[in-house]
Amino acid sequence: MATGLQFAGELTMADLKGKVDPDWCPGCGDFGVLAAVQKALVELRIPTHNVVTISGIGCSSNLPGYINTYGMHTLHGRALAVATGLKLANHELTVLVTGGDGDGFGIGGNHFVHSMRRNVDLLYIVMDNQIYGLTTGQTSPTSRVGMKTKSMPFGNIEAPINPISLALAAGATFVARGFSGEQKHLTELIKQGIQHKGFSFLDVFSPCVTYNHDNTYQWFRPRVKKLEDDPAYDSSEWTAAMEKSRLWGDEIPIGKFFERTDLPTLHGAEPVLNQGPLVHCDPRVPPDVARSFIEELM
Amino acid sequence: MKQTFAIAIGGAAGQGVATPGDIFAKIFSRRGLNLNAYNAYQSIIRGGHTLLTIRTGREKVTNMGDRIDLLIPLNQDTMDRHLKLLTGGAACIYNADTIKPGSAADGVQLCPLPVSELVDIKRNKVAQNTLAIGAGLHMMGIGFQALEEVLQEQFRKKGDVVVAENIGVARAGYDYAAARFTAFPNPLPKTDNRYAILSGNAAMAMGGAAAGVKFYCAYPMSPSTGVLHWMAAHARKAGIMVRQVEDEIGVINMAIGAAHAGVRAMCATSGGGFALMSEGLGMSAMIETPVVVINCQRAGPSTGVPTKTEQGDLWQMLGAAFGDYPRVIAAPLDIGDCFKLIPEIFNIADRFQCPGLVLCDLLLSEGRLSVHPKELNFSPPIDRGELIITNGTSPEGVANGGYKRYKITDSGISPRAIPGVPGHIHTVATDEHMENGVLISDEFTNPVKRRAMMEKRMRKVAGIESAVPRPVLLGKRDAEVTLIGWGSTKGVIEESCEILNEHGISANQLQIRWLVPLHGEAILDILKDSRHTIIVENNYSGQFARYLRSETSFVPNGHIRKYDGEPFMPHHIVEAVKEQLAGKTKLSVPMHEITV
């Protein structure tokens, strides 16, 4: 989403530090995601006042408070809707949306699907820990079948959704998966997601060390395989991406599954924005246009 | 009594009721007459019964009135349903080939048109409609040229042959009426005025454009969809971003996102969609990002009667979203006011950084009214409040890095910087927060700070109160009866008061436009001199009566309520006032005589 991207002078990690330190549990995967986001912004040298980080509600949705950009900590599940409105009103801003799997795939599932088909120009990072953390450990839309939680003490009987397949089916133009335990790789994916013009979806395995004892760092580490390590893999092939997205078990792919750059973004497709961001436009209807509106009714 | 003339055109949806309606409306408007149109219809796209009433006159016409002067039934069903409504002096024009009249009251003129004798119905399927328009026009004493002009415009796109054909048919009806039917005793007057005719939905959309709205989004829901349609059709000319969203939850959140970026954002829905927006309104209040939401009420609860009117959402609006927060709620008084109110409520919402709610209803949203073009002012005052849109407009900016989005002030208003302005970086949060935006909901929970922030936000209420005008009494102060209404009932109550005064019962009116803040003391000050007070409202439980009592302890002498889905007609109110003054009842629920 490189619109209006201006380069700042040298940025450091200290410039990206928020007003307070995260209050996540020690060892939480979200620390790694926050650091990767900050590192990506430092490396891309985007002026911090031109970045808006928008989240919903949940542990991971506290992230905007920990980063020195404009931020909105909105309602549970609604971050993408808020972000769409904000981006359309000022498309020169770089918009990052962050949240968890319950926020994005559960309560916010409707907005998730529609934001992708609209190709809203933003990067959506889901810190996917396959559990509800802030409500102290219930089943999430990505919890595996059989997983025992406080809300399903005898084991989950509902199949999890596959966020990557869903994103591909819904028309996201950039689809990737990262792992909080792979910092450099994750930072690279975030940079690509920010620079992509259109909806960038980045699902990140971000282990919950307190409530999810199934999908731990130790569980993920031997399983994750970088798509970038396979020279034959072509991320412009939607069908291949869909096939890869079905892999789960001993081998779980991470990296960029898919990207296409030939589709217009939502703001790019709307001629009303040809005059520049709405926020900079004169609010008054020109007198001749106003007259024509009244004439129609006479 | 007001000199007015009312035409009712009825038929099956899809049978072409709207076109004769539009043609009559144009002709009346070009004669410099006022008009009010109300379409009673059903939630069926094709085949449902619909009855369009157009009432016109030299003076302002504020409601559908009590009397139908000319009925044009386009099918037997309409004849069977509505002929009985006609009284002496009225007329009914119908297709004698297909419709049988039934028995009419004394003095009603039945005007059968032998349609197949007059025109070739195989060539022109809506010939009966055009014939009836021609015949009706003659009976109203209007020259044929007026109709010829409108038909030319109406059918221009279809080519000269179609234009000539329709003019020919209309002429046949006009001449037939001249030869066979008795014209109405008073020909329709003519004035030099020119009016715009518009619906409340178009008026609110245009009011939004005039207020500088740059972002409008909605999910289709009757009867609010007309706002979306106007916005969508005019978006590019007006420079407004218009989006159709996946649901009303998305709508309110998207609007707030746009508003947060710094533009004026608006959305409209009906009761069901408004219910979904509730949580979002709380966010607007908590992060102090203003947004304007219109609720076009329809008959509830639940899906209710989507094509019928009601004033049944007041308590939903009063209680929307949990927790205490400052809000503004206003109900437009008529279709002209639908336009005027939007810039006003935006100024209040912007100044006080809170949600502004407009409580409209189907009666205004889908009704049509003639409005003087001067009332459609596209240059109203625009007050964005304390908005920081460039660096340097705030002394607390980049220089000392001390910008606090939620700075505690005497007014409760904290200067609002929009994203993109250097030196003012901050995060807003729906969690409770400190002056600098940092949460005090978890790690830094602090009762003292929480109290300070609650009080800061709620201090805005006093400012809002002084920014909103007090209600005024219409009519003589010492009247025998005071009718109290709110929002869309203004016109019908006004006319009821005129009729009551003519009947020797002096009546005055208190009409509430601003519901929150209510100005309870000003209302009590007005009502303390009233001799007999009656609250008139379009709902079952007396929602406004209960609200007024909760705010002021005021209890009226009586109530007039209606919850059958249709609006009040003047005689409903007049008769109810008489029975209440005679001590027969304290609660009147008038029966609606027109069944659609």
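**Note on a predicted two-chain model**

1. Four bridges join strand E10 (residues 264–269) of chain B to strand E11 (residues 292–297) of chain B. The two strands run parallel. Within this pairing, Cys267(B) has Val293(B) in E11(B) as its bridge partner. Please keep in mind that the model is predicted.

2. Is E11(B) mostly covered or mostly open? Mostly covered: six of its six residues are buried. In a regular strand the side chains alternate between the two faces of the sheet. Here both faces are covered. Val292(B), Ile294(B) and Cys296(B) are buried on one side. Val293(B), Asn295(B) and Gln297(B) are buried on the other.

3. Now the open sheet in chain B. Six strands lie in the order E18-E20-E19-E22-E23-E24, with mixed pairing. Strand E18 (473–474) and strand E24 (587–588) stand at the edges, and each has a single partner strand, so one side of each is left without a neighbour in the sheet. Strand E23 (residues 558–561) of chain B pairs with E24(B) in the parallel sense, over two bridges. In that pair, His559(B) stands opposite Leu587(B).

4. Next, helix H6 (residues 160–180) of chain B. Why does a span of 30 Å fit this helix? H6(B) has 21 residues, and at 1.5 Å a residue they should span 30 Å; the end C-alpha atoms are 30 Å apart, so the two agree. The buried residues of H6(B) are Glu165(B), Asn166(B), Val169(B), Ala170(B), Ala172(B), Gly173(B), Tyr174(B) and Ala177(B). An α-helix has 3.6 residues a turn, so residues three or four places apart point the same way. The cover over the buried residues of H6(B) includes strand E6 (109–113), helix H3 (115–118), helix H4 (127–139) and helix H5 (144–155) of chain B.

5. The nonpolar core comes next. In soluble globular proteins, nonpolar side chains tend to be buried together. The largest nonpolar core in this model holds 250 residues. Val175(A), Phe215(B), Ala255(B), Ala258(B) and Leu515(B) touch the most other members. Helix H12 (residues 335–352) of chain B gives the largest share of this core, 10 residues. What does Phe215(B) touch? Leaving out residues up to four places away in sequence, its contacts in chain A are Gly85(A), Leu88(A), Ala89(A) and Leu278(A). In chain B they are Met241(B), Ala255(B), Ala258(B), Val263(B) and Ala265(B). There is also a second, separate core of seven residues, including Cys59(A), Ile131(A), Cys208(A) and Tyr211(A).

6. How many residues does each chain bring to the contact? Chain A gives 48 residues and chain B gives 59 residues. On the side of chain A, strand E2 (70–73), H2, H4 and helix H9 (287–295) each supply at least two residues. H2(A) gives the most, with eight residues. By class, this side of chain A has 26 nonpolar, 16 polar and six charged residues.

7. A strand pairing also links the chains. E2(A) pairs with strand E17 (residues 427–429) of chain B in the parallel sense, over three bridges. Met72(A) stands opposite Val428(B) in E17(B).

8. Last, two helices of chain A. Helix H2 (residues 79–89) and helix H4 (residues 109–118) pack at an angle of about 35 degrees, and their axes are 8 Å apart. Leu80(A), Ala81(A) and Thr84(A) in H2(A) meet His111(A), Phe112(A) and Ser115(A) in H4(A). By class, this contact has three nonpolar, three polar and no charged residues.

Definitions and conventions: Residues are numbered from 1 along each chain as its sequence is written. Chains are lettered from A and ligands numbered from 1 in the order in which they are written. This is a predicted model: local features need pLDDT of at least 70, side-chain atom pairs count only at pLDDT 80 or more; totals for chains, interfaces and linings use all residues. Axes are lines fitted to C-alpha atoms, for helices over the stretch in contact, and angles run from 0 to 180 degrees between N-to-C directions. Two residues are in contact if their C-beta atoms, placed from the backbone, lie within 7 Å. Ala, Val, Leu, Ile, Met, Phe, Trp, Tyr, Cys and Pro count as nonpolar, Asp, Glu, Lys and Arg as charged, and the others, Gly among them, as polar. A nonpolar core is a set of buried Ala, Val, Leu, Ile, Met, Phe, Trp, Tyr and Cys residues joined through C-beta atoms within 7 Å. A residue is buried if 20 or more other C-beta atoms lie within 10 Å of its own, exposed if 12 or fewer, and partly exposed in between; C-beta atoms are placed from the backbone. The expected span of a helix is 1.5 Å times one less than its number of residues. Two strands pair if DSSP finds at least two bridges between them.
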